[in-house]
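Q: Could you walk me through a couple of spots in this model?

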Amino acid sequence: MINLSSPKKGRLILIRVQAWLKIKVALLSGFCRKNCSARLIITTTIGAVFGFFVGVSFPSVSLYRIQNLPSSLGPSIDVAASNSKKFYMVKSSETSRRNISKGVCFVCPYVLEPLYHVFQLLVSSSTVCLEVQHGARFDPLLKLLSTSMLSQIYVPTNPRGAESLPPGIVVPETDLYPRRLWGDPSEDLKKKPKYLATFTVGIDQMKNINKCVKKFSEDFQILLFHYDGRTTEWDRLEWSKNAIHISARKQTKWWYAKRFLHPDIVSAYEYIFIWDEDLGVENFNADRYIKLVKKHGLEISQPGLEPNYALTWQMTKRRVDREVHNFVEIMAPVFSQEAWRCVWYLIQNDLVHGWGLDFALRRCVTPAHEKIGVVDSEWIVHQVLPTLGNQGEPHAGISPRDAVRIRSKIEWAMFQKRIADADLAYIAQLTNAKG
């Protein structure tokens, strides 16, 4: 069945193929008869007049979803999206014209040229909507015209680079679920982890990370970022065989996060933990933590920090009289999927230490005082171990650890300036637009 539609007028007209072009009768009954010329003149004239009036009535061209087309239909269909995501523009080309001659061996050669011009007029000036239901008989003429005239897909609403693909085959997001090399893909995963826990690690902290991971249930996918390049030794831990390991020497967790935790890569996980390696977790349980985060509606959170140990900010100190209070720093943050989609864009490519990021997190949730918080009843201890800091190199007579700290402070100042400059530029843009 061929459907004629005009998005502007908001109506869809359905007509049968047999009534749409009477030239089908001539094609199927008298191709190479001696009186083919007389039939050709009559049917071509009818088709041209019909196409003209349809073209006048429906000025735009769109193709409304093509479903379950037979594999023999052809390699591609020429489609481009209109204003509605459900409509796609029909285009044709000189290649399509040549394909007609190659694909129709049972039609008199001199029938092809007028037929081509009639159909060219129809699709260039009217709205032609094709819809084929599963299991329906595919009309030979419709198959011929679709295969010949529709040669290439173009869908601007697809992700950049995928415009030439039909929307139904585009997969814009992925996950970190390990897959088998054999068997039915649908049977690869016995259970899909709902949360992602990442740690930036070195081999010296294997024992501590082992304690940390044991606090996370099977609902968590474990991802280790190795800043020392040593991954093989971790295989002695049973859970490590099911973890994801990414190695790049002397890099920070924010460097890894920017490059390997794009929101479209971790979209399968409700919450993402981005933790340091020197955290004591004796009083922490990940499942209980998630329940509290959901209970209080926190989009950005962290466990409370034991007050008897070193604190970066007093605001993150655990309070024994409550479950939750506000403010999160970058030591052990936990992000909801939606909050991380914003935070990922806030991370700067060249500012690898993330200093100052904690003060900008409020921009990613609204209202910030309700969506950001420290979970006091599930707390951790910052052990303050000289781990990644020792991966630096002496610079201008400064020790590796001091050189790393100086770089961190420089980055903090740079980040603050970039935020301020971006705010001013945005305000100026709004002012100019109103003026």
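This is a predicted model: local features need pLDDT of at least 70, side-chain atom pairs count only at pLDDT 80 or more; totals for chains, interfaces and linings use all residues.

A: The chain gets from S8 to S9 by way of helix H7, residues 206–213, in a β-α-β crossover that is right-handed.

Q: And how do S8 and S9 pair, parallel or antiparallel?
A: Strand S8, residues 195–201, pairs with S9 in the parallel sense, and the pairing runs over 7 bridges.

Q: What about S10, how many bridges join that strand to S9?
A: There are 4 bridges between S9 and strand S10, residues 244–247, and these two strands also run parallel. Within S10, His245 is the bridge partner of Leu224.

Q: Is S9 mostly covered or mostly open?
A: Strand S9, which spans residues 220–226, is mostly covered, with 7 of its 7 residues buried.

Q: Which way do the side chains point, then?
A: Phe220, Ile222, Leu224 and His226 point one way, while Gln221, Leu223 and Phe225 point the other way, and all of them are buried. In a regular strand, side chains alternate between the two faces of the sheet.

Q: Switching topic: where does Ser336 sit?
A: Ser336 lies in strand S15, which covers residues 334–336.

Q: Why does Ser336 count as buried?
A: Ser336 counts as buried because its relative accessibility is 5%, and the cut-off for buried is under 20%.

Q: What does Ser336 touch?
A: Leaving aside residues up to four places away in sequence, Ser336 touches Glu270, Tyr271, Ile272 and Glu299.

Methods
Residues are numbered from 1 along each chain as its sequence is written. Side-chain values use heavy atoms; hydrogens and water are left out. Buried means under 20% relative accessible area, exposed over 50%, partly exposed in between (1.4 Å probe, protein chains only). Two strands pair if DSSP finds at least two bridges between them. A crossover is right-handed if, with the strands pointing away from the viewer, the path from the first strand over the helix to the second runs clockwise. Contact means heavy atoms within 4.5 Å.
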